[in-house]
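Please consult the structure shown here before reading on.

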Amino acid sequence: MPWATLSRSALGLCLAGLVACSKRNGALAPGPSAGAVATASGVPIASGAIPPRGTEPKPACRVLLVSGAAAIDGIPVVGGALLDGEHWVDLAIGASISLRHTLTSREFELMGPSRVLPCRHGAEQLLLATGRLSTSANLGVRPGAEVLIATPSGTVRYGDAALGVEQGSKGLCVRVKQGEAWVEPEAEARAAFRNPLRNGEACLGSAANARARLDRCEAAARSARDSAEHVLDSGLGALGSLGARAAAHMR
């Protein structure tokens, strides 16, 4: 498997594992003062004001529209709030949220029932534990810039595309309405389609449970650590040449 593909699959595997061990922290929503907007750091600033030096909000997802019940740790999400990419959003049946990335203007719509971590760490990344989301084309497009959607079943990447993505008990389904996307299953699965996907639908079966994924991540981490220690091993027991040991570590 090419290194780039392996890296994407491993990233999707590790991100999906976060679904099982994420902790729900405090929610971020606009502060109580009139005309205030919550920043990504949770510090409210007046609308239109320039924040003091050193307190500029990091990239985040701004809530454009909320329909139905959507919450962070039980606290309702409201229009105009900034989601910092550190807190999971839960949507009830029939609920939806429209989001826009504050730096790139990418737009996403989340539809319930769903649990999702949008704009992870302020990046153009979404962790979809379960539920549905859609993306918009012709917004925030930049050379080489891609959006990553990580799910328990695999990852979805695109540069400029209108997609419908659904993660449920039967696995992941991606429908390309415009543009193209790359759909990567987790490392042990095999896809029944060819990338990039254009004007069609691709589905991946349900992945192993979260505990099994975390166990594989831990085993891979131990293997990487051990191989790193052997790269510069010059003792009599060293296996192969320096180049061979370095290649083994990269794999």
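This is a predicted model: local features need pLDDT of at least 70, side-chain atom pairs count only at pLDDT 80 or more; totals for chains, interfaces and linings use all residues.

Residues are numbered from 1 along each chain as its sequence is written, and side-chain values use heavy atoms, with hydrogens and water left out. Two disulfides are counted (a disulfide being a pair of cysteine sulfur atoms within 2.5 Å). Helices (H or I, at least four residues) and strands (E, at least two) are DSSP runs, numbered from the N terminus. Burial is stated as relative accessible area: buried means under 20%, exposed over 50%, and partly exposed in between (1.4 Å probe, protein chains only).

**Disulfides**

- A disulfide is a covalent bond between the sulfur atoms of two cysteines.
- Cys-61 and Cys-119 are joined in this way, with their sulfur atoms 1.8 Å apart.
- The torsion about the S-S bond of Cys-61 and Cys-119 is about 55°, so this disulfide is right-handed.
- Cys-61 belongs to strand β3 (residues 61-67) and Cys-119 to the loop between β9 and β10, so the pair ties together parts that are 58 residues apart in sequence.
- Cys-61 is buried at 0% relative accessibility, and Cys-119 is buried with a relative accessible area of 1%.
- The other disulfide joins Cys-173 to Cys-203, with an S to S distance of 2.0 Å.
- The link of Cys-173 and Cys-203 is right-handed, with 105° about the S-S bond.
- This pair links distant parts of the chain, with Cys-173 in strand β14 and Cys-203 in strand β16 (residues 201-205), 30 residues apart.
- Cys-173 counts as partly exposed at 28% relative accessibility, and Cys-203 counts as partly exposed at 40%.
- When the bonded cysteines of the protein chain are numbered in sequence order, the pairing reads 1-2, 3-4.

**Cis peptide bonds**

- The peptide bond from Gly-112 to Pro-113 is cis, with omega near 0°.
- Pro-113 is part of strand β9 (residues 107-118).
- Asn-195 and Pro-196 are also joined by a cis peptide bond, with omega about -5°.
- Pro-196 is placed in the loop between β14 (171-185) and β15 (197-198).

- Cys-119, a residue other than glycine, has a positive phi near 50°.
- The loop that holds Cys-119 runs between β9 and β10 (125-135).
- Asn-138, a residue other than glycine, has a positive phi near 65°.
- Asn-138 is found in the loop between β10 and β11 (147-150), and it counts as exposed at 57% relative accessibility.

**Two loop residues**

- Leu-103 is placed in the loop between β8 (96-101) and β9, and it counts as exposed at 62% relative accessibility.
- Leu-103 and Glu-124 are 21 residues apart in sequence and 9.6 Å apart in space, C-alpha to C-alpha.
- Thr-151 is placed in the loop between β11 and β12 (154-158), and it is buried with a relative accessible area of 1%.
- The side chain of Thr-151 makes a polar contact with the side chain of Gln-167 at 3.1 Å.
- A polar contact is a pair of N or O atoms within 3.5 Å; within protein, one must be able to donate a hydrogen and the other to accept it, and residues adjacent in sequence count only if both atoms are side-chain atoms.
- A polar atom of the Thr-151 side chain also lies 2.8 Å from the backbone oxygen of Gly-154.

**Helix α2**

- Helix α2 (residues 210-231) has 22 residues and reaches 32 Å from its first C-alpha to its last, close to the 32 Å expected at 1.5 Å a residue.
- The expected span of a helix is 1.5 Å times one less than its number of residues.
- The buried residues in α2 are Arg-213, Cys-217, Ser-227 and Val-231.
- Seen down the axis of α2, these buried residues fall within an arc of 95° (taken from the directions from the helix axis to the C-beta atoms), so they line one face of the helix.
- Cys-217 counts as buried at 16% relative accessibility.
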